[in-house]
Amino acid sequence: MALTQPEPGGVLQEQTGAPRGGEPQGALLRGTLATTACMETLQVGYLHAVAAAAGCSLSQPFPDNGIDWQVSHGAPEHVVDDEVTIKVQLKATYQVPPDPPGPTFAFTLDNEHLLKLARTPVAVHKILVVMLVPRERDRWLDAGHDRLALRHCCYWTNLAGHPVTGRRRTTVRIPTTRIFDDRALCEIMTRVGSGGTP
């Protein structure tokens with residue numbers, strides 16, 4: 001059975017006049033969903049991609065009690081159990097530019113969220129993952145025959161023991177060396193599986 005190939009440009013270009021093939025896409029008819037809601041969806045996609053590459057499973061607490069995801073990593077080499085789990089809180093911002101200069105960048109959390117992430121000791125360790133995204137939605141991803149690139153990057157930190165310093169919100173520092181990718185996640189899980197901290 002022969003399948004026909006789509007014509008260059010396709011239906012979308014005919015409807016919107018949007019150019020194809022890496023040209024600017026300002027004329028695309030995007031949905032009206034709030035940008036913050038779309039940012040949440042984008043960072044979940046990033047987390048799913050990292051977990052898949054690291055060989056981890058994901059679960060979402062229901063109902064949500066202030067933690068977005070649980071990530072589990074199974075390996076016979078773990079000492080504490082054959083499968084270990086961490087909790088992940090996701091955040092995203094377009095207020096920090098890509099590739100921030102210096103060893104850290106500032107990110108502000110509601111004190112209620114910080115208290116949950118800073119609690120110690122814990123039975124299940126928690127990390128904060130912050131995604132930096134472009135302000136313009138048409139720059140969030142770039143697809144090609146050999147890749148699907150998400151912009152810009154996620155960084156992670158362990159806030160266990162971090163003090164609350166503001167009345168309602170506290171600024172924390174996120175290390176720019178802690179890029180959240182599959183290698184970082186495997187290393188986190190190896191440390192937790194040996195009885196250590198993320």
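## Contact between two helices

Which residues in α2 meet which residues in α4? V50, A51, A53 and A54 of α2 meet D182, L185 and C186 of α4, where contact means heavy atoms within 4.5 Å. By class, this contact has 6 nonpolar, no polar and 1 charged residues. Ala, Val, Leu, Ile, Met, Phe, Trp, Tyr, Cys and Pro count as nonpolar, Asp, Glu, Lys and Arg as charged, and the others, Gly among them, as polar.

Helix α2 spans residues 35-54 and helix α4 residues 182-193; their axes come within 8 Å and cross at roughly 65°. Axes are lines fitted to C-alpha atoms, for helices over the stretch in contact, with angles from 0 to 180 degrees between N-to-C directions. The crossing of α2 and α4 is right-handed, that is, the near helix is turned clockwise from the far one by less than a right angle. Helices (H or I, at least four residues) and strands (E, at least two) are DSSP runs, numbered from the N terminus.

## Basis of the model

The model is predicted: local features need pLDDT of at least 70, side-chain atom pairs count only at pLDDT 80 or more, and totals for chains, interfaces and linings use all residues. Residues are numbered from 1 along each chain as its sequence is written, and side-chain values use heavy atoms, with hydrogens and water left out.

The structure holds 4 salt bridges, each a side-chain nitrogen of Lys or Arg within 4 Å of a carboxyl oxygen of Asp or Glu. One of them joins R169 to D110, with the closest N and O atoms 2.9 Å apart. R169 lies in strand β9 (residues 169-175) and D110 in strand β4 (residues 104-110), so the pair ties together parts that are 59 residues apart in sequence.

R169 is partly exposed, at 47% relative accessible area, and D110 is partly exposed at 33%. Buried means under 20% relative accessible area, exposed over 50%, and partly exposed in between (1.4 Å probe, protein chains only).

## A network of salt bridges

D142, D146 and R147 are linked in a network of salt bridges. R147 pairs with D142, the closest N and O atoms being 3.0 Å apart, and also with D146, at 2.9 Å from N to O.

D146 is exposed, with a relative accessible area of 66%. R147 is partly exposed at 40%, and D142 is partly exposed at 27%.
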